[in-house]
Amino acid sequence: GKKTLAIISDMDQPLGNAVGNTLEVKEAIDILDGKLENDVLELCLVLGSYMLVSAEKTEDIDEARVMLKKTIQDKSALNKLAEFIKLQGGDNSGIYNTELLAKASIVMELLSTYNGFIEKIDAAEVGIVNLLLGGGRETKDSTIDLTVGIVLNKKVGDKVEKDEVIATIYANDIEKLKIASDRLMNAYTFSVTPAKKRPLIKWI
């Protein structure tokens, strides 16, 4: 007797551009601050719109989408995040200045070895790369390094040229970085012809 709704979204490549704890937090802040528009924002707008309709805040999906966008434009969404953090005893200064967020000590740009297009990015392999950098738990006792991770400069369907930056790796251990960079390169599949961009929302 409960009203339910299912939305199937594409997971054949990492969602958004950032992978890793602090990097993903920064991406979320930039989206709420209106500085970034990507597939994370689009998914949030789709999910949020249907939530507003389901909650009977509006009867129209398009109107709901406008309502959500307004919370980004007037900064109320960003301010609400800052409020959440403050109420839990946290320091919310990084919400308004992401330069204050912790950073990894080593930054490496991963360069394309191909001229062509990105056909596929293995999302599972990218997750493993983040794990190898220290951004996840290999065992329940593992300590997570919150600053490491990957930012994908190019996504599926994007054109790339040889020696162009396709990803940026953030690390605190040079040996882990060497292993991670090799594996990350192997997560990419390139093609000489344009790859068709997959729809983010597959089914509602």
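**Sheets, helix packing and loops in the predicted model**

Ala18 stands opposite Val151, a residue of strand 5. Ala18 belongs to strand 2 (18–19), and strand 2 pairs with strand 5 (residues 149–152) in the antiparallel sense, over two bridges. Both strands are part of an open sheet of four strands with the order 2-5-7-3, and the pairing in this sheet is antiparallel. Strand 2 and strand 3 (106–111) are its edge strands, each of them pairing on one side only. Helix 6 (residues 123–135) packs on this sheet, where it touches strand 2, strand 5 and strand 7 (165–171). The direction of helix 6 makes about 140 degrees with that of strand 5.

For orientation, a few figures describe the chain as a whole. The protein chain has seven helices and nine strands. Its C-alpha atoms fill a box of roughly 50 × 45 × 35 Å, taken along the principal axes. Of the 204 residues in the protein chain, 36% are buried. Contacts between residues at least 6 apart in sequence join residues at least 24 apart in 70% of cases.

A further open sheet is formed by three strands in the order 6-4-8, again with antiparallel pairing. Here strand 6 (159–160) and strand 8 (188–191) stand at the edges; each has a single partner strand, so one side of each is left without a neighbour in the sheet. Strand 4 (residues 116–121) is joined to strand 8 by four bridges, and the two run antiparallel. Two of the facing pairs can be named: Phe117 stands opposite Ser191, and Ile118 stands opposite Phe190. Strand 4 also pairs with strand 6 in the antiparallel sense, in this case over two bridges, and Gly116 stands opposite Val160 of strand 6.

How are helix 6 and helix 7 oriented to each other? Helix 6 and helix 7 (residues 174–186) pack at an angle of about 175 degrees, with their axes 9 Å apart. Angles over 145 degrees count as roughly antiparallel, and the two helices are therefore roughly antiparallel to each other. On the helix 6 side, the contact is made by Glu125, Val126, Ile128, Val129, Leu132 and Leu133. Helix 7 contributes Lys176, Leu177, Ile179, Ala180, Arg183 and Leu184. Sorted by class, this contact has nine nonpolar and three charged residues, with no polar ones.

Helix 2 (residues 39–54) and helix 3 (residues 61–73) pack at an angle of about 120 degrees, and their axes are 8 Å apart. The two are therefore oblique to each other, and their crossing is right-handed. Helix 2 takes part in the contact through Leu41, Glu42, Cys44, Leu45, Val46, Gly48, Ser49, Tyr50, Leu52 and Val53, and helix 3 through Ile61, Ala64, Arg65, Met67, Leu68, Lys69 and Ile72. By class, the contact of helix 2 with helix 3 has twelve nonpolar, two polar and three charged residues.

Ser54 also lies in helix 2. This residue is partly exposed, with a relative accessible area of 38%. Ser54 and Leu5 are 49 residues apart in sequence, and 8.7 Å separates them in space, C-alpha to C-alpha.

Glu56 is placed in the loop between helix 2 and helix 3. Its phi is near 60 degrees, a positive value in a residue other than glycine. Is Glu56 buried or exposed? With a relative accessible area of 66%, Glu56 is exposed. Asp163 is found in the loop between strand 6 and strand 7. Phi of Asp163 is near 75 degrees, likewise a positive value in a residue other than glycine. Asp163 is exposed, its relative accessible area being 52%.

Note on methods. Residues numbered from 1 in each chain as written. Predicted model: local features only at pLDDT ≥ 70, side-chain atom pairs only at ≥ 80, totals over all residues. Heavy atoms only, no water. Axes fitted to C-alpha atoms, helices over the stretch in contact; angles between N-to-C directions. Parallel < 35°, antiparallel > 145°, perpendicular 65-115°, else oblique. Left-handed = near helix turned anticlockwise from the far one by under 90°. Contact = heavy atoms within 4.5 Å. Nonpolar A, V, L, I, M, F, W, Y, C, P; charged D, E, K, R; others polar. Pairing = 2+ DSSP bridges. Buried < 20%, exposed > 50% of the residue type's maximum accessible area, 1.4 Å probe, protein only.
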